[in-house]
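Hi everyone, thanks for coming. Have a look at the sequence and the structure on the screen, and I'll walk you through them.

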Amino acid sequence: TTSSSSSQTDNHFRFELNAASVGHCEAILCRSSIVHPLTRRFTIPHDESECKRVRKASNIIINEDNALNAITSQTRMLGCSFLYPAILPTPHISSFILSKNDEFFII
């Protein structure tokens with residue numbers, strides 16, 4: 001998403017990077033040689049709050065490999081409606097205003 005405005009002497013542009021993720025997809029932004037995560041990992045081993053939500057919301061079995069019903073450790077995915085409400089199809093959405101210090105982003 002971009003928006004722009006202009007003044008009499010020069011143009012000013014504001015660029016915004018929006019990231020929405022589910023499943024195994026991750027993205028990072030490198031700004032001034034520092035890595036900034038654009039997405040969040042929604043997995044049983046990496047997110048204790050998601051683990052608690054899954055245990056509370058459903059009859060899902062979490063095995064020794066941290067897989068829900070021996071299928072996946074992800075708690076947000078598309079196409080797994082048979083595991084709802086343990087696995088949600090809701091993406092994590094984040095927005096970042098880009099600056100001149102941004103070097104690259106990786107998906």
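Let's start with a question: is Cys51 buried or exposed? Cys51 is buried, because its relative accessible area is 12%, and buried means under 20%, exposed over 50% and partly exposed in between, with a 1.4 Å probe and protein chains only. Cys25, at 36% relative accessibility, counts as partly exposed. The structure holds zero disulfides, a disulfide being a pair of cysteine sulfur atoms within 2.5 Å.

Now, where does this come from? This is a predicted model, where local features need pLDDT of at least 70 and side-chain atom pairs count only at pLDDT 80 or more, while totals for chains, interfaces and linings use all residues. Residues are numbered from 1 along each chain as its sequence is written, and side-chain values use heavy atoms, leaving out hydrogens and water.

Next, the overall layout. Along the sequence, the pattern reads β-β-β-β-α-β-β. Of the 107 residues in the protein chain, 30% are buried.

Finally, meet Asp102. You'll find Asp102 in strand 6, residues 102-106. Asp102 is buried, at 17% relative accessible area. Its side chain reaches the backbone nitrogen of Ser99 at 2.7 Å. Setting aside neighbours within four places in sequence, Asp102 is in contact (heavy atoms within 4.5 Å) with Leu29, Cys30, Arg31 and Ile97.

Technical notes:
Helix = DSSP H or I, 4+ residues; strand = E, 2+ residues; numbered from the N terminus. Polar contact = N/O pair within 3.5 Å; in protein donor to acceptor, adjacent residues only side chain to side chain.
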